[in-house]
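Let's take a walk through this one together. We'll begin with the whole chain and then stop at a single residue.

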Amino acid sequence: MKIICVGRNYVAHAKELNNDIPDEPVLFMKPDSALLRNNDPFYIPEWSNEVHHEIELIVRIKKLGKNIEKKFAYRYYGEIGIGIDFTARDVQDALKSKGLPWEKAKAFDHAAVVCPEFVSIDSLPDRNAVHFRLDINGKTVQEGNSELMIFQIDDIISHVSKYFTLKIGDLIFTGTPSGVGPVHLGDRLEGYLEGVKKFDFWIK
Ligand code: ZN
């Protein structure tokens, strides 16, 4: 499986990092070795002094597809979850300033946190307006709603599938709302989807 991530998909987040608002989805990928599941703890790598949390909605692909038209995109997923796109911001800033790829900052081991259980799209009150949030040590630090995404899930699936064949089990991280910031040793991260806790793990 592969993990495809969308960058700068919320206006407020693009602005907080001084990035332009994109006119097409900004894409990058993480390998399967980046997965961190089952609420396992996250260990801050020794080569970064600034690992940021980015809570994101995650879409799980349920059907093989290539060149998917937007109007048919809904057929390719049935469940969503939440997770963290961990980002070594100091490393990313250094790479960006040199015009180099971001992989070391985004695709390192355990940089893709995925909640243990996804929820069926059909069980949500409104599939186009999904609320999610991240609490650190009991305080809400990031809050988002999928209706504020610049590119909606169907747009993303259509765009991604032009370049990369989507396979069953692939995950798409759909971008983070504003409020990103560093995590610290001993932090407890709790993620909520429509008010229901979906992940709960520690930084070590
Ligand atoms: Zn992200």
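Of the 204 residues in the protein chain, 51% count as buried, meaning under 20% relative accessible area with a 1.4 Å probe and protein chains only. Keep in mind that this is a predicted model, where local features need pLDDT of at least 70 and side-chain atom pairs count only at pLDDT 80 or more, while totals for chains, interfaces and linings use all residues. Residues are numbered from 1 along each chain as its sequence is written, and side-chain values use heavy atoms, with hydrogens and water left out.

As for the fold, the protein chain has four helices and 15 strands (DSSP runs, H or I of at least four residues for helices and E of at least two for strands, numbered from the N terminus). Its C-alpha trace spans about 45 × 40 × 30 Å along the principal axes. Now look at contacts (heavy atoms within 4.5 Å): among those between residues at least 6 apart in sequence, 76% join residues at least 24 apart.

Now let's zoom in on Asp 135. This residue sits in strand β10, which covers residues 131-136. Is Asp 135 buried or exposed? Asp 135 is buried, because its relative accessible area is 5%. Its side chain makes a polar contact of 2.7 Å with the side chain of Thr 140 (a pair of N or O atoms within 3.5 Å; within protein, one must be able to donate a hydrogen and the other to accept it, and residues adjacent in sequence count only if both atoms are side-chain atoms). Setting aside neighbours within four places in sequence, Asp 135 is in contact with Thr 140, Arg 188, Leu 189, Glu 190 and Tyr 192.

Technical notes. Buried < 20%, exposed > 50% of the residue type's maximum accessible area, 1.4 Å probe, protein only.
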